[in-house]
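Hi everyone, thanks for coming.

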Amino acid sequence: MSNLSADYKYSDFDVFGGCCYLTCLAGPYSVLCFPCMYMRMTSQEVEFVGNRLHFRYDCCIAKEDKLIPLDRIQDANIAANFCSRLCGVSILSIQTANGSPTPEALIIAPRDAEGLRSMIMDRRDQLVGAGTSSGLDGPVMNQVHAGGVQSTQQLGEIRNVLERIERLVEKGVDKFEPMEVK
């Protein structure tokens with residue numbers, strides 16, 4: 001496994017294959033879009049920076065620059081549709097816990113898609129296994145842990161309320177009687 005503290009930049013992309021793939025997607029507009037496609041493929045970068053994956057590209061039409069927390073990554077899928085197979089490239093999509101059906105990042109035409117996917121997932125697993133996080137939930141989690149006894153009491157009260165609700169549902173309630181709040 002790789003060292004989390006070491007930053008690493010992945011820059012081995014099949015520029016020609018990626019341009020071919022994007023051209024296939026653009027169809028009849030590919031002649032107009034080719035300069036932008038070339039810019040996108042030559043500017044695409046994937047870099048590990050601390051506990052984040054930095055993904056970026058810049059082209060005529062769009063620019064994307066994302067820092068994706070590694071502990072938020074749920075999956076890295078290698079896709080191959082008709083156009084990508086025709087051009088001999090793979091598309092690596094990064095899915096996160098953001099609730100969106102669309103991928104957080106689409107990495108087009110990495111020469112070693114399997115290797116890059118393994119690297120991303122290994123670093124994610126190493127980070128999650130080490131109990132380190134991206135820092136996004138830090139203050140909230142620290143308050144919960146600092147609350148200790150109070151949090152345990154609140155959880156106990158919640159459990160009691162849920163048990164009462166379950167008993168009422170099992171009996172079949174005709175009339176709801178509110179419980180006293182302490």
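Let me start with a question: how many of the 6 residues of strand β6 (residues 91–96) are buried? Before I answer, some housekeeping. This is a predicted model, where local features need pLDDT of at least 70 and side-chain atom pairs count only at pLDDT 80 or more, while totals for chains, interfaces and linings use all residues. Residues are numbered from 1 along each chain as its sequence is written, and side-chain values use heavy atoms, with hydrogens and water left out.

Okay, the answer: 6 of the 6 are buried, so β6 is largely enclosed by the rest of the structure. Buried here means under 20% relative accessible area, exposed means over 50%, and partly exposed is in between, using a 1.4 Å probe and protein chains only. Helices (H or I, at least four residues) and strands (E, at least two) are DSSP runs, numbered from the N terminus.

Look at both faces of β6: Ile91, Ser93 and Gln95 are buried on one side, and Leu92, Ile94 and Thr96 on the other.

Now Ile94. Its contacts (heavy atoms within 4.5 Å), leaving aside neighbours within four places in sequence, include Leu53, Ile73, Pro103 and Ile120.

Over to the helices. In α2, the buried residues are Ser30, Cys36, Met37, Arg40 and Met41, and they pack against α1, β3 (52–58) and β7 (105–108).

Last topic, the cysteines. How many disulfides does the count come to? It comes to 1, taking a disulfide as a pair of cysteine sulfur atoms within 2.5 Å. The link joins Cys24 to Cys83, S to S 2.2 Å. Cys24 sits in helix α1 (residues 15–26) and Cys83 in helix α3 (residues 82–87), so the pair ties together parts that are 59 residues apart in sequence. With -60° about the S-S bond, this link is left-handed. Is each end buried or partly exposed? Cys24 is partly exposed at 25% relative accessible area, whereas Cys83 is buried at 10%. Then there's Cys60, which is in no disulfide; the nearest cysteine sulfur, from Cys36, is 4.1 Å away. Cys60 is exposed, at 52%.
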